[in-house]
Amino acid sequence: PLPVSGSASGIRQFPYNKNSRLSFKSRISRFDFYSRRYIVFLHNLPFRHIPQGPSRAGGYNEYFRSVRNFSVDQKRVYASGYSAGGETMSQAVSMRPELYAAYLHGASRWGGDFSPLAENSVAVYNLYEQDDEYYGSQLGEVYDGLHDAYAAAGKSNDETEALLQIQTPDKEWFARRGVTGNYHGGGHGVFEEASVLNWVISHSK
């Protein structure tokens, strides 16, 4: 059986470096293509006609649930969401946490509840930019909310640290990757970070 990965992009493309060779779509796809032997799902394209929110989140979950009828490793289903896509994908994971082993949440508010993920031991990697132009400093509340929920679910400090990771890159981090502005959009580079992706796909139910 093969593991499964899928990602949800934001509302539009964010040009963050005019010299970049990779478009927004190709960067957000890296989470899928990085897992070379995985089944690849293309973002939220099948649900573009559905507004962001519970209906689209439900569509994601139905999409992931339906592929369980095929030869997939049901213990290794991964999701990722960035910006507006993160708002909806986090809601989807909150609605059906039993479907997912790990979730990569990038530069986005949280769209659902924290406690269902804690109760189902879903691993979450959370990245947000210190100078995010779109959401601002409120993104730090996501990790705090997750941490509190995992503690409330009875997880020890070691268990919580194993399930939750946070990255808050500064301007130097972006500069080393050729990003000179639009830090909200530039954070898509996390989908090329081998250490991050290896952490995500190391988890199973």
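The model is a prediction, so local features are taken only where pLDDT is at least 70 and side-chain atom pairs only at pLDDT 80 or more, while totals for chains, interfaces and linings use all residues. Residues are numbered from 1 along each chain as its sequence is written, and side-chain values use heavy atoms, with hydrogens and water left out.

Confidence comes first. The mean pLDDT (the predictor's confidence in each residue, from 0 to 100) of the protein chain is 77, and 76% of its residues reach 70 or more. The lowest confidence falls in strand S2 (residues 39-41), with a mean of 43, and the highest in H4, at 98. Helices (H or I, at least four residues) and strands (E, at least two) are DSSP runs, numbered from the N terminus. Two stretches deserve a flag: pLDDT stays under 50 over residues 12-29, and again over residues 31-47. The model has 40 contacts beyond four places in sequence for residues 12-29 and 58 for residues 31-47, a contact being heavy atoms within 4.5 Å. Where pLDDT is low, the predicted coordinates should not be read in detail.

On to the overall make-up. The protein chain has 9 helices and 6 strands. Of its 205 residues, 53% count as buried; buried means under 20% relative accessible area, exposed over 50%, and partly exposed in between (1.4 Å probe, protein chains only). Taking contacts between residues at least 6 apart in sequence, 68% join residues at least 24 apart. The protein chain exposes about 9400 Å², with carbon and sulfur atoms supplying 48% of that area. Accessible areas come from the Shrake-Rupley method with a 1.4 Å probe, and for residues only the protein chains shown count as cover.

Helix H3 (residues 84-95) passes a simple geometry check. At 1.5 Å a residue its 12 residues should span 16 Å, and the end C-alpha atoms are 17 Å apart, which agrees; the expected span is 1.5 Å times one less than the number of residues. Of those 12 residues, 10 are buried, so H3 is largely enclosed by the rest of the structure. Among the buried ones are Gly85, Gly86, Met89, Gln91 and Val93. Glutamate 87, also in helix H3, counts as partly exposed at 22% relative accessibility.

A search of the whole structure finds 6 aromatic pairs. Rings of Phe, Tyr and Trp (its six-membered ring) pair if their centres lie within 6.5 Å; planes under 30 degrees apart count as stacked, over 60 as edge-to-face and the rest as tilted. The rings of tryptophan 110 and phenylalanine 114 have centres 5.5 Å apart and planes at 35°, so this pair is tilted. Tryptophan 110 is buried at 12% relative accessibility, while phenylalanine 114 is partly exposed at 22%. Ring pairs link these two and Tyr103 into a cluster. Tyrosine 125 and tryptophan 199 make an edge-to-face pair, with ring centres 5.7 Å apart and planes at 65°. That pair links distant parts of the chain, with tyrosine 125 in strand S5 (residues 123-127) and tryptophan 199 in helix H9, 74 residues apart. Both tyrosine 125 and tryptophan 199 are buried.

The search also turns up 3 salt bridges, each defined as a side-chain nitrogen of Lys or Arg within 4 Å of a carboxyl oxygen of Asp or Glu. In one, arginine 109 meets glutamate 87, with the closest N and O atoms 3.3 Å apart. Arginine 109 lies in the loop between strand S4 (102-106) and helix H4 (115-119) and glutamate 87 in helix H3, so the pair ties together parts 22 residues apart in sequence. Arginine 109 is partly exposed, at 38% relative accessibility.

Arginine 96 and glutamate 98 form another salt bridge, at 2.3 Å from N to O. Arginine 96 is partly exposed at 29%, as is glutamate 98 at 35%.

The remaining bridge joins arginine 177 to glutamate 193, with the closest N and O atoms 2.7 Å apart. Arginine 177 sits in the loop between helix H7 (171-175) and H8, and glutamate 193 in the loop between H8 and H9, so the pair ties together parts 16 residues apart in sequence. Arginine 177 is partly exposed at 32% relative accessibility, whereas glutamate 193 is buried at 17%. Leaving aside neighbours within four places in sequence, glutamate 193 is in contact with Trp173 and Arg177.
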